[in-house]
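Here are my notes on this one, as numbered points. Have the coordinates open while you read.

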Amino acid sequence: MSSLPNQFHALVIGASGTIGAAFVDLLSSSPRCASVRGLHRHSTPCLDFTDENSIAQAAQALGSDRYHLIINAAGVLHSDAFMPEKRLADLTYMQMQATFQANTFGPAMVMRHFVALLDSERAIMAMLSAKVGSIGDNRLGGWYSYRASKAALNMMVKTAAIEVARSQKNSVLVALHPGTVSSRLSQPFRGETIGRPARDAAIDMLDVIDALMPADSGSFRSYNGSELPW
Ligand SMILES: NC(=O)c1ccc[n+]([C@@H]2O[C@H](COP(=O)([O-])OP(=O)(O)OC[C@H]3O[C@@H](n4cnc5c(N)ncnc54)[C@H](OP(=O)(O)O)[C@@H]3O)[C@@H](O)[C@H]2O)c1
C-alpha cells in the first residue's frame, strides 16, 4: 500500500467474513499500516445491516478517528431461509428485502456515516460488489436478488462518488469484485473447488486499491484492476 501515507489507518467492515478476515490479517502484518480496526455484527461497537441505528452508532463511536482505507466486505447471497433464485417463480419479498438490506441498504448507510471519517490527505473506500451485479455482463440469468442488490450497490457507489468528489477531493469510492473466492458465501456453489483462497483475492484487491486515484472514483473494478461493465 505504498500510495497511502506511511503508518496509515484502516477499517474493515464485515471483518468476521472470509474475505474481511483476510483483509484484516494482511493489513495487520503490513509494516506501513499503523492500525486496522475490524467491525462486524459481534464487535464493539457492533455493526449490523439489519439495524440502521447500529451503523450510525458505530460511526459515532469511531468519530474522532480518521482512516486512509475503509473496506466493506459484508454481504449476503444465501441464508438459512433462502438460496439464490433460479427463476421468477422463486421471488419473495422476504428474500429481496433481506438481500437488499445486506448488500445495498447497509453499504449505502456505511457510505452515509463513514465518508466523514476518511482522511483528507488520501483515502479509499472500497465496497465489495460482484461481477454478477453487472447488467451488461449478465448472460446466465438467475440469482435475481443478489444480482439486483449488487447492481443497486454499484449505483449507490457511483452516485456517492460524484457527491463526495465535490467536498473531499482526495477520496476515492470504488465498487470492487473479488473474483470467485472459497468462502461461506460461495460454499454451496462449489466455492471450495472453483474459488481462490481469500488471502490471494485480498492481496490482489489491495494492489488494485493502492493504484486508485481520485479520477478513478465511482468506478467498478475487478480484482485484476480492469473496469467492469455496469
Ligand atoms: N466469495 C465470493 O466468491 C464472492 C464473489 C463475489 C463477491 N463477493 C462479495 O464479497 C463480500 C464478502 O464475501 P465472503 O465471501 O467473505 O462471504 P462470507 O464469508 O459469508 O462473509 C460475509 C460477511 O458479511 C457479514 N454479514 C452478512 N449479513 C450481514 C448483516 N446483515 N450485517 C452485517 N454484516 C453482515 C457476515 O457477518 P457474520 O459473520 O456475522 O455472518 C460476514 O462478515 C460480499 O459482499 C460478497 O457479496 C464474494
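1. Start with the contact (heavy atoms within 4.5 Å) between two helices: Gln-95, Met-96, Thr-99, Phe-100, Asn-103, Thr-104, Pro-107, Ala-108 and Met-111 of helix 3 touch Ser-145, Tyr-146, Ala-148, Ser-149, Lys-150, Ala-152, Leu-153, Met-156, Val-157 and Ala-160 of helix 4.

2. A word on provenance: this is a predicted model, where local features need pLDDT of at least 70 and side-chain atom pairs 80 or more, while totals for chains, interfaces and linings use all residues. Residues are numbered from 1 along each chain as its sequence is written, and side-chain values use heavy atoms, leaving out hydrogens and water.

3. Helix 3 (residues 93-114) and helix 4 (residues 144-167) have axes 9 Å apart, at about 15 degrees. Helices here are DSSP runs (H or I, at least four residues), and strands are E runs of at least two. The pair is therefore roughly parallel (angles under 35 degrees).

4. Helix 2 (residues 52-61) buries Ser-54, Ile-55, Ala-58 and Ala-59 (buried is under 20% relative accessible area, exposed over 50%, partly exposed in between, with a 1.4 Å probe and protein chains only). Those buried residues fall within an arc of 135 degrees seen down the axis, so they line one face of helix 2 (the arc uses directions from the helix axis to the C-beta atoms). Their cover includes strand 2 (33-39) and helix 3.

5. Trp-143, in the loop between strand 4 (123-128) and helix 4, has a positive phi near 50 degrees.

Key. Axes fitted to C-alpha atoms, helices over the stretch in contact; angles between N-to-C directions. Parallel < 35°, antiparallel > 145°, perpendicular 65-115°, else oblique.
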